[in-house]
Amino acid sequence: MTHLDLRSTGTAHYVTVAGDLDLAGVTILRAPLLDIVTSAPRRTVLDLAEVSLLASAGIRLLVEAAKILRANGAQLVLHHPQEFVAGVLRMAGLDSLVVIE
């Protein structure tokens, strides 16, 4: 089961995600994530340390959020992805669209 925690400061949004970013996980994350990036676009940090699976649906959601933020002069940062997830991000070319730290 995918869980998320959202918090915002004056300069950034912080989203902690735990579980899988597959179709079921994206169903849980999609609305809250797109809501914060469209309503108040600013630096958005997704903590992926507890994400163990990143499927194509998760990649699509990350690309969509990154493009919305970039169009509004903001940035998506993917924080602490596990080694497997980081590899998927690089293979999908997301390291050219987002910051991975």
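Mentor: Let us begin with T44, which sits in strand β3 (residues 43-54); helices (H or I, at least four residues) and strands (E, at least two) are DSSP runs, numbered from the N terminus. This is a predicted model, in which local features need pLDDT of at least 70 and side-chain atom pairs count only at pLDDT 80 or more, while totals for chains, interfaces and linings use all residues. Residues are numbered from 1 along each chain as its sequence is written, and side-chain values use heavy atoms, with hydrogens and water left out.

T44 has a relative accessibility of 0%, and therefore counts as buried, a word that means under 20% relative accessible area, with exposed meaning over 50% and partly exposed in between (1.4 Å probe, protein chains only). Leaving aside residues up to four places away in sequence, T44 touches H13, V15, L33, I36, V37, L69, Q75, L76 and V77, where contact means heavy atoms within 4.5 Å.

The strand that holds T44, β3, belongs to an open sheet of 5 strands in the order β1-β2-β3-β4-β5, with mixed pairing; two strands pair if DSSP finds at least two bridges between them. At the edges stand β1 (3-8) and β5 (99-100), each with a single partner strand, so one side of each is left without a neighbour in the sheet. Strand β1 runs antiparallel to β2 (residues 12-21), joined to it by 6 bridges, and L4 stands opposite V17 in β2.

Now consider the helices that meet this sheet. Helix α2 (residues 56-71) lies across β2, β3 and β4, and runs at about 175 degrees to β3; axes are lines fitted to C-alpha atoms, for helices over the stretch in contact, and angles run from 0 to 180 degrees between N-to-C directions. Helix α3 also packs on the sheet, touching β3, β4 and β5, and its direction makes about 115 degrees with that of β3. The buried residues of α3 are V85, A86, G87, V88 and L89, and they pack against β3, α2, β4 and β5.
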